[in-house]
Each structure stands twice: as structure tokens, then as C-alpha cells.
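Dear colleague,

Please find below the structure that I am handing over to you, with its sequence.

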Amino acid sequence: PAPESVLGWEVGDWHVSHDKLVHYMQALAASSPRVSIKVTGYTYEQRPLLQLAITSADNQQKLESLRQAHLEGSGPLVVWLGYSVHGDEPSGSNASMLAAYYLASSQSPFVNELLDGAVILIDPSINPDGLNRFANWANSNAAKAPVADPANRQHVQGWPKGRTNHYWFDLNRDWLPLVHPESRARIVEYHNWLPHVLTD
């Protein structure tokens, strides 16, 4: 299903809240043989941290053996796509739905060839608590007609804003200290896969 068929609106019309993001990714995984999904942990506010693995349907049947082969140096290309480490930079999580949909549904020769030789790992929201705080603020203060004025209430978040996680920590600064559950869950999966390419 396309995102709008699950959400009820086009991506970009509203800021996706984390629960809606999870709902869409679960619907996509349930309907596509190219997509598997797992919960890797939970945030302080008990929001699930997701990891989607997108690859060809044949590869999905042998995902663990492909992971092992990759770790031994002979497996597929592994690409990790992480979205919205800052909750108030929401275009990432909104785009994650479109990227996952494209990879799950495209029948183009390029995508078919890509998924035959690669595993794409998607973390649709690196910072679910911040994303949800921002989406709630922006959607609650949105006008019927979009307002571009940067002084408009929708664009001036109340403190503590959505950039940070529950404890107001910028998760971009937590790759090495690994203090927060979001980072700890992510680094376990990073070491589990050791991707060739990682985006944040």
C-alpha cells in the first residue's frame, strides 16, 4: 500500500506522528514479500524502535545466511538508511515511508537488480520521542492553509522542542557514549550487520 492509503493523507500534508509511521511500516511489511520488520528496542517513552530489511523476496527467505555471508566478506551489499535523528527535522521520517514504499513496490529493472544484490536496512525514526513531540506541536498549531511566516506559532515550537529525545539529549552526539536506549539498540544492529554504507 502507498502511504496515503494507510495514513489517509498524502505524505507532506501533515507531519507523521511516530504511531502513524509504525502503523504504515507494519502494513507495508505485512503486504510485501520484500519487507521484513522487527522491533530493536524501545525509547524512554516506550515507542518501538524499528528496523526494516528490504531485499528481494528470495533473499528474504535466507536473510540470516546472507547476513552471515556478508560478515564473512562474500555476501550482498548492505546499506543502512537512518532517518530523523532530530525529531524536528521531520522530512527524514516522512521520506522513509516513500523510500520503503518505492523499494517494496517498484517493478523497475533497476530496483529488481538492486534488491537481488543488496539488503537495505531502514531505521524510519532514529528519535521517535522527539519526532512525536514535534509532530504533535506542528499538527496542533497548523492552519487550514499553509503559512510560511517563520514567526507563525506552528513554526515556533514550545520548549523543549522536538530536536532531542525524552531527556533532551541530541542523539547525534550519542554514537560513542551510547547512553540512551535509542543509540544502544541502533549500535547492536549496526554490529549485527556491519553495513557497507550508513546514512544518518
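Among contacts in the chain between residues at least 6 apart in sequence, what percentage join residues at least 24 apart? The figure is 69%. Please bear in mind throughout that this is a predicted model.

Overall architecture

The chain contains eight helices and five strands. Read from the N terminus, their order is α-α-β-β-α-α-β-α-α-β-α-α-β. The radius of gyration is 17 Å, which agrees with the value near 16 Å that a compact globule of 200 residues would have. Along the principal axes, the C-alpha atoms occupy a box of roughly 55 × 40 × 25 Å.

Surface and charge

Buried residues make up 48% of the 200 in the chain. The exposed surface comes to about 9900 Å², and 56% of it is supplied by carbon and sulfur atoms.

Salt bridges

Side chains of opposite charge can pair when their charged atoms come close. The structure holds seven salt bridges, and three of them are described here.

In one of them, Glu189 pairs with Lys38, with 3.1 Å between the closest N and O atoms. This pair links distant parts of the chain, since Glu189 belongs to helix 8 (residues 181–193) and Lys38 to strand 1 (residues 35–42), 151 residues apart. Glu189 has a relative accessibility of 8% and therefore counts as buried, whereas Lys38, at 35%, counts as partly exposed.

Another salt bridge joins Arg47 to Asp129, the closest N and O atoms being 2.9 Å apart. Here too, distant parts of the chain are linked: Arg47 sits in the loop between strand 1 and strand 2 (48–54), Asp129 lies in helix 7 (residues 128–140), and 82 residues separate them. Both Arg47 and Asp129 are buried.

Arg173 forms a salt bridge with Asp170, and their closest N and O atoms are 3.8 Å apart. Asp170, at 13% relative accessibility, counts as buried, because the cut-off for buried is under 20%. Arg173 and Asp170 also take part in a network of salt bridges that includes Glu89 and Arg163.

With kind regards

Definitions and conventions
Residues numbered from 1 in each chain as written. Predicted model: local features only at pLDDT ≥ 70, side-chain atom pairs only at ≥ 80, totals over all residues. Heavy atoms only, no water. Helix = DSSP H or I, 4+ residues; strand = E, 2+ residues; numbered from the N terminus. Rg over C-alpha atoms; globule rule 2.2 N^0.38 Å. Buried < 20%, exposed > 50% of the residue type's maximum accessible area, 1.4 Å probe, protein only. Contact = heavy atoms within 4.5 Å. Areas by Shrake-Rupley, 256 points an atom, 1.4 Å probe, with all protein chains shown as cover. Salt bridge = Lys/Arg side-chain N within 4 Å of Asp/Glu carboxyl O.
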